[in-house]
Amino acid sequence: MALLINKMEEKEMMERERVREEDIRGAFYRDTTAIIHSSPFRRLKHKTQVFYAPSNDHICTRIEHVLHVASIASTICRPLGLDTELAWAIGMGHDLGHTPFGHTGEKIISKLSVERGLPPFEHEINSLRAVDFLSNHGKGLNLTYAVRDGIVSHNGESLNKRIVPTFEKKDMDSLVSRAGLIPATYEGVVVRFSDTIAYLGRDFEDASRLGIVDGDDLPEIVKDRLGTTNSQIITALVNDLIQGADEEKGIGFSDYVFEAVKAFSDFNYEKIYRSKIMNGYTDYFSRLLNLILDYLEKLYSSFGLEEEGYLEERNMLAAGFYSHMKEMYPIYMAKEGSDKRMIMDYVAGMTDNFSLDCANEILKPEHLNDEINQSQTGKWFDVRR
């Protein structure tokens, strides 16, 4: 274990797009409070982590996951002499751009985006868009550079044995893909590993609870080197990262532990993420998100910026989208010179529950039923006069 010092100027790490006088909270803790108070963060409580299980309070949701990542990252940073508040802020904000229905939803949204001539959807890039543009009525959260860098570079699904920070500033406005992105700070690297640590054991734990796998199914190398419970696995991985931290070699796993991490990841992909039940969700959520997207696109192509057509639909989705569009359309045009991503951004930002309610509204025109109910014939009688 070694004490680590970032080779970036503190001024660069704390730089904001808009100058802001700092207060007693400090720059990075202030970023955490901005994230907590943002709409994308609030919506994480109703977004799937891996398993869509709204009636089971014990299955991990997206908001739990970001809390796990933030707490693990802060724990690792403390003995290494790193900034725990920076790690906490990155962890809390790293998944703000996630879609409904977890990575299944992300793949569907990406496919739909490409079909419409948009870039492939990646939640890391969209998380940066969330804090820079989509939040706070188009003004963004004005976070520090180091937090924004950690958010966009957090790709925990890409297994790495060891990472050395770049200590270089990225041109954030030019980023279109997570491919090849390396965090600029040690704290960003820690969050990236913490993302992996947070989901490996917890996804297995949830899959066991749901009966997708059996608790005894873990590969022997995982049991022997990491443990059999999520708590044991987190402890083993955290301690290994701390002990192996090195100023020249960066942060990463030992050979002994990384073999088990790789085996664990391969097991989860084979038995959980590509399981029959997860494949079934893909078809279902694809139909649902296609329905919502097609509906909004038809409304927009028919009525544009005119309010009356949306209100005639007499449903939450149409009225809500109009309100959102009225506020955001001029901001999209000013910032991006196009409205091409406006509808996709709106759908990608939905929670699981909201998207299901929207689909229900589209398929069940209650306002038409109400008109029938209020007529002389009533709901259950076919009266002829």
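The structure is a predicted model. Mean pLDDT for the protein is 92, and 94% of the residues score at least 70.

Two packed helices are described by the angle between their axes and the distance between the axes. Helix α4, comprising residues 62-77, packs on helix α11, comprising residues 230-244, at an angle of about 40°. The axes of α4 and α11 lie 9 Å apart, and the crossing of the two helices is right-handed. On the α4 side the contact is formed by Ile72, Thr75 and Ile76, and on the α11 side by Ile234, Val238, Leu241 and Ile242. Six residues of the contact between α4 and α11 are nonpolar and one is polar, with no charged residue.

Helix α5 (residues 84-93) packs against helix α9 (residues 186-209) at an angle of about 45°, with 9 Å between the axes. The arrangement of α5 relative to α9 is therefore oblique. The crossing of α5 and α9 is right-handed. Helix α5 contributes Leu86, Ala87, Ile90 and Gly91, which meet Glu187, Gly188 and Val191 of α9. The contact of α5 with α9 comprises four nonpolar residues, two polar residues and one charged residue.

Helix α13 and helix α17 (residues 352-363) pack at an angle of about 65°, and their axes are 10 Å apart. The crossing of α13 with α17 is left-handed. From α13, the residues in contact are Tyr284, Leu288, Leu291, Ile292 and Tyr295. Their counterparts in α17 are Ser355, Leu356, Cys358, Ala359, Ile362 and Leu363. Ten residues in the contact of α13 with α17 are nonpolar and one is polar, whereas none is charged.

Aromatic pairs number 17 in the structure. One of them is formed by Tyr281 and Phe285, whose rings are stacked, with a centre-to-centre distance of 5.3 Å and an angle of 10° between the planes. Both Tyr281 and Phe285 belong to helix α13, which spans residues 276-303. The two residues are four positions apart in this helix, a separation of about one turn.

Conventions:
Residues are numbered from 1 along each chain as its sequence is written. This is a predicted model: local features need pLDDT of at least 70, side-chain atom pairs count only at pLDDT 80 or more; totals for chains, interfaces and linings use all residues. Side-chain values use heavy atoms; hydrogens and water are left out. Axes are lines fitted to C-alpha atoms, for helices over the stretch in contact, and angles run from 0 to 180 degrees between N-to-C directions. Angles under 35 degrees count as roughly parallel, over 145 as roughly antiparallel, 65 to 115 as roughly perpendicular and the rest as oblique. A crossing is left-handed if the near helix is turned anticlockwise from the far one by less than a right angle, and right-handed if clockwise. Contact means heavy atoms within 4.5 Å. Ala, Val, Leu, Ile, Met, Phe, Trp, Tyr, Cys and Pro count as nonpolar, Asp, Glu, Lys and Arg as charged, and the others, Gly among them, as polar. pLDDT is the predictor's confidence in each residue, from 0 to 100. Rings of Phe, Tyr and Trp (its six-membered ring) pair if their centres lie within 6.5 Å; planes under 30 degrees apart count as stacked, over 60 as edge-to-face and the rest as tilted.
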